[in-house]
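Let's take a walk through this structure, one piece at a time. Have it open as you read.

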Amino acid sequence: MKSAKSSKKNGHSKKGLSPTGASPRNYGLPLPGVNDEEFGGSLIVIEGMDGSGRSTQISLLTEWLESEGFAVETMGLRRSGLVAKDIDALLAENTITRMTLTLMYATDFYDQLEHRIIPALRSDFVVLADRYFYTLIARAVARGIERDYLNGLYEMAVRPDLTFWLNVRPEVAFEREFRKSHTISYWESGRDLSLSDDLFQSFILYQAKIKNEFESLSERHGFLALDGEASVVSVNTDLRKRIAAHLGIQRTHYRPSAALAHLWR
Amino acid sequence: MTSRPSSAVEQSFSDPVVETPEAPSLRLEPSRKYPGALIVVEGIDGSGKSTQLYLLKRWLEIGGYRLHFTEWNSSPLVKSATRRGKQRRLLTPTTFSLLHAADFADRCERQILPLLHSGYLVLADRYIYTAFARDVARNCSPRWLRNLYRFAPVPDITFYFRAPLDVAVKRIMSGRPKLKYYEAGMDLNLSLDRAESFRIFQGRILAQYDEMIESDKFVVMDGTLPVNSLQKQMRQMVKARIDLARFAPKKSARRAL
């Protein structure tokens, strides 16, 4: 089910599979039973720590793309039908070990990939991912799991067409998150790593580790870094410019509807 | 399949915290840098492996040895997810494999490794080779699977109980009138008939086990031999390969018995 439109999009060359099964759309291996040559669509990832403005931008981009006539599907971490609830329960219990957590998140990721993203791409959707496996790699590396191991684990992931990294200083992210929910999550501050007894310190140290890993991920995977501390309007303008070029949208003017007007600042 | 590469995580349980912001992840060998020992039984359903491991366990228990018994797929951790996935037939070869790996990781990090570090003899009814055989039979990539389980300690002995497909299938079918969907490999569309699908699926698994005999140094056991003679072979092999004295009851404890 290859749409006519997908062939004109950049990045999706129609070369045959290499002997190992690597294709321009995966990281070395295809998923069993999936021929990734056969789908079009576009996968656009937005990465960044909590408080970097990811979800705000995804709401705005969804509305903009729909107004331009594109069908949009979203994904995020811990949103699979298969194990999202189990991960919530495990995190609440706090007895889970790092390998197990890493593999539960991988299950959650691949379940969404196979049941949500790939079907959407097959139907020529634009998939907006609120975080991708890059965050999972950064978190696991911060807990002492080898990069090679993690790269191998996600070898069958679909390669995004664009990956944006909303970069903010941990101090700013802390402030934004704290203002929003009046607390900071145990896991988002890496408390399981015993970096500091002080919540703020722990958050800063942990996010610094994550950021460090993102620097190298960014180099490896060619992230487009944006200043997440800039205004919502200016970040959104940058995002739309890039995405419009990718999708071949001519006119990028956009004003949010009344429902989303409160985000426009 | 290729031989196992090194372990994925540092196997020290003392302190996983890394001081530097770089968080260098250490590459440690899957060495047996622990005083314990790991004995594993593998084979298709109906090969007789569980009976044999049970008898080995009884022999060691009666002798008073320090041991722990563990089974594949026994942790409550992923039970609800597995059940949900199976009921709604949501599982793909990849998520099926990952859920079992998560389950194994939990057992590995919370039971097997700590026990090996504290000097236990660990007996495992099925181990990572079950995943390799079954998931490759489901078309997962061997390379991906080998990497996935890299954190698992390498067994000291892996007994592979080999029974001809017909014998094994007959044993299973006589004790289990109804085969489950995934158990029969129905997700692979091998046959619409459940019994026939099971047969084909088990045949594929058997072929995968055979592939690993050399690369993973299996001790092949003829599953058609009488139970007691197999058990005799097994005990001899354990005595020859493992210094059982290390796991013997302490002198004072023996006096108390």
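Start with F159(B), whose bridge partner in strand 5 of chain B is V219(B). The model here is predicted, with local features needing pLDDT of at least 70 and side-chain atom pairs counting only at pLDDT 80 or more, while totals for chains, interfaces and linings use all residues. As for labels, residues are numbered from 1 along each chain as its sequence is written, and chains are lettered from A and ligands numbered from 1 in the order in which they are written.

Strand 4 of chain B, residues 157–162, runs parallel to strand 5 of chain B, and four bridges join the pair. (Strands pair if DSSP finds at least two bridges between them; strands are DSSP runs of E with at least two residues, helices are runs of H or I with at least four, and both are numbered from the N terminus.)

These strands belong to an open, parallel sheet of five in chain B, ordered 2-3-1-4-5. At the edges sit strand 2 (67–71) and strand 5 (219–222) of chain B, each pairing on one side only.

Next, look for helix 3 (residues 93–117) of chain B, which packs on the sheet and touches strand 1 (37–42), strand 2 and strand 3 (121–125) of chain B. Contact here puts C-beta atoms, placed from the backbone, within 7 Å.

Technical notes. Contact = placed C-beta atoms within 7 Å. Axes fitted to C-alpha atoms, helices over the stretch in contact; angles between N-to-C directions.
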